[in-house]
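The structure is shown below.

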Amino acid sequence: MNRTIKPGRVAAMLLILVTVLSIYLVFLYKLQIIEGEMYYNQASETKKEEVRVTAARGNILDRYGRVLVSNKECYNLKVDTTKLFANEDPNAVILELVELVEGFGDSYVDDLPITIDPPFEYTADMTEIQRTMLKAYFKDKAKEFKEAGLPAEPSAVELMSYMRTRYDIDNSYSAQEMRRIAGIRYSINVRYAINTGAYVFVEDASMKLITAIMENKLSGIQVERAYIRDYNTEYAAHLLGYVGLMTQEEYERYSLLDYSTDAVVGKDGIEYAFEDYLHGKDGSVIETRSPAGTILSTVYTEEPEPGDHVYLTIDIALQEQVERILGRGVEILIQDRKQADAEALLRGETKNPELKDEITGAAAVVVDVRTGEPLAMASWPTYDVSTIIEKYQELMETPNAPLFNRALMGAYAPGSTFKPCTAIAALSSGIINTEFKVDCEGVYTRYAAEGYAPECWIWNISEDGEHYTHPEEDVVAAIKDSCNYFFYTIGNDLGVDTLGEFAHNFGLGVPTGIELVETRGNMANQENHWDYAGSEWRIGDTLQSAIGQSDSVFSPLQLAEYCATVANGGTRYSASILKAIRSFDYSEKVFEREAKVMSEVDSADYNWAAVHKGMHEVLHNWESNTPNVEVWLDCDWDVAGKTGTAQKGENIVNDGLFMCYAPYDNPEVAIAVVVERGGSGASVQFIARNIMNAYINIQSYSDTSEQEMALLK
């Protein structure tokens with residue numbers, strides 16, 4: 001049976017079709033014609049923002065223009081919190097970002113000082129900055145903690161539980177994943193509680209990582225160009241220092257100088273001392289970005305001014321050699337001591353279990369006799385300055401304190417290296433003359449009735465109980481033989497006050513003029529004796545101060561400058577480490593060092609000649625100083641010097657000190673070496689000999705490309 005299509009149905013269908021089509025056309029017309037321009041503008045809308053441009057930090061160079069520290073351009077990844085938290089699940093994005101970073105071998109910034117794996121605990125190596133941030137976070141969340149029934153300072157487990165809720169971290173995430181997410185959320189959040197720079201997710205990101213983030217279209221990450229410090233030497237760590245983000249206290253200071261909140265500043269060493277020159281002046285730029293975040297154009301409103309370049313008095317070639325020689329010298333001393341212990345054990349000798357004979361540190365300093373300029377300053381043990389931020393806590397806990405700059409901050413009794421000072425003081429004051437002689441009796445008995453009778457070092461050197469003395473000696477022989485009896489005698493007549501005046505003029509116990517942090521040291525005196533010894537000053541302290549003991553303690557730098565002052569006949573120069581400063585394009589000379597006289601030791605030439613001769617015979621007298629002579633026998637330059645052995649106390653091996661200068665007839669360089677528990681000055685002088693060889697060899701280089709300050713012309 002044939003069915004006919006009813007006209008009414010066809011009409012209805014056509015009507016519906018026409019109606020739908022009309023509605024579609026109306027909306028299409030509205031979208032493309034009426035509102036088309038608006039949507040087009042939104043799609044092509046750009047964003048303009050004024051951004052601070054960080055000025056490149058100035059370079060640090062040695063005296064010959066060799067670059068020690070410079071800048072390396074890098075790319076940092078910063079979090080755009082608006083875009084990140086616009087994601088449906090920002091925690092999933094964070095976790096994906098973390099896994100990408102770890103997958104490409106990069107590292108991200110996680111300021112949360114809690115272990116990654118449960119059971120969660122606060123990390124033992126929490127840095128001071130992390131501790132400050134955590135306290136600020138606790139303070140900021142105090143109200144929420146109280147409402148959640150948490151203490152003001154919750155445990156790590158309590159804090160992680162709070163963060164899982166606070167940051168809406170789903171229970172489907174594992175404990176480790178939750179910790180990673182919480183670490184990033186905390187690092188972002190804590191910066192609202194403490195006045196510090198913006199959160200940088202990844203510093204110096206690899207191009208592979210950046211490319212992967214772009215390919216995965218992970219929103220919420222912004223790539224910014226930046227600079228990081230690039231260390232061109234493994235040496236001079238204690239001198240160069242390092243940089244880092246400002247702390248709250250630093251910001252209070254530097255904000256007055258228009259520093260940005262995320263500025264990198266010098267934390268130690270040269271970086272800190274010359275921050276004002278190195279920092280530069282930041283600029284600003286108007287950035288035009290597409291909705292996707294791509295930079296379309298930049299217009300500078302203020303050009304950044306890079307920092308000035310700082311030239312040091314240090315010769316990095318010599319610095320490297322001195323550090324190597326010092327480290328190797330300590331190793332030799334340690335091995336020699338182990339060998340001696342082994343041989344003693346074979347002989348059936350028992351070592352005192354309470355004896356402290358481990359070498360704990362050492363330092364060596366080389367200075368220019370003619371200007372006082374430090375040419376090399378080494379401290380052992382040392383560290384890698386390029387990784388100090390990452391390994392700071394580890395270094396803090398490392399035995400023998402590698403971060404401690406012994407060359408500047410170490411304070412050591414000078415022992416017999418002080419005797420040339422005592423000699424010049426007595427000669428200059430008229431207490432003695434160059435013809436004056438003393439007959440060494442071995443024991444100084446002037447105050448025996450009062451219960452004090454110090455001995456000369458030679459008195460008990462015999463193991464069979466026989467006593468020895470020095471022959472009648474003048475000042476030259478007394479320096480040569482380091483006769484304590486002679487210096488007790490003249491020290492008693494000289495008095496500690498006069499001795500102190502001369503010591504200060506030699507630079508002992510007073511600032512050296514160096515721009516880095518240093519110890520002032522102390523020249524023994526009656527005023528502060530109680531602080532050191534806990535007792536009243538006695539005549540014995542005067543006698544001991546004359547031979548470099550009592551409360552006298554000086555830094556290796558002070559000893560080197562003192563030796564230089566002796567060598568040049570009494571002129572003490574500033575130990576400034578700053579050679580010159582040049583503008584960022586090297587075109588302008590901002591500063592150039594001139595030798596600055598700090599003090600004078602006024603004495604007749606024949607007095608100086610006597611002291612010089614005595615120091616020369618210390619190293620060249622065949623009759624009584626054969627070990628010294630053997631060390632210096634083949635040296636290309638004629639050298640004068642003085643050994644020193646500083647007593648540390650019962651059951652502690654003495655410190656070994658040695659200072660010298662050369663050439664003897666026309667002094668050019670002075671060297672001081674200190675080895676903690678080194679045994680004696682004679683034991684450590686081979687280190688100074690090797691340093692002297694290195695200096696002589698470096699001076700003989702014929703490479704004209706390293707003419708002094710060549711890059712400054």
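## Aspartate 368 and its partner

Aspartate 368 has a relative accessible area of 7% and is therefore buried (buried means under 20%, exposed over 50%, partly exposed in between, with a 1.4 Å probe and protein chains only). Its side chain meets that of arginine 370 in a salt bridge, 3.1 Å from N to O (a side-chain nitrogen of Lys or Arg within 4 Å of a carboxyl oxygen of Asp or Glu). Arginine 370, at 45%, is partly exposed.

The model is predicted: local features need pLDDT of at least 70 and side-chain atom pairs pLDDT 80 or more, while totals for chains, interfaces and linings use all residues. Residues are numbered from 1 along each chain as its sequence is written, and side-chain values use heavy atoms, without hydrogens and water.

## Other salt bridges

The count of salt bridges comes to 27. One of them joins arginine 191 to aspartate 111, with the closest N and O atoms 2.8 Å apart. Arginine 191 lies in the loop between α8 and β4 (200–202), and aspartate 111 in the loop between α4 (90–103) and α5 (128–140), so this pair ties together parts 80 residues apart in sequence (helices are DSSP runs of H or I, at least four residues, and strands of E, at least two, numbered from the N terminus). Arginine 191 is buried at 15% relative accessibility, and aspartate 111 is buried at 11%.

Glutamate 349 and arginine 347 also form a salt bridge (3.1 Å, N to O). Glutamate 349 is partly exposed at 41%, whereas arginine 347 is exposed at 54%.
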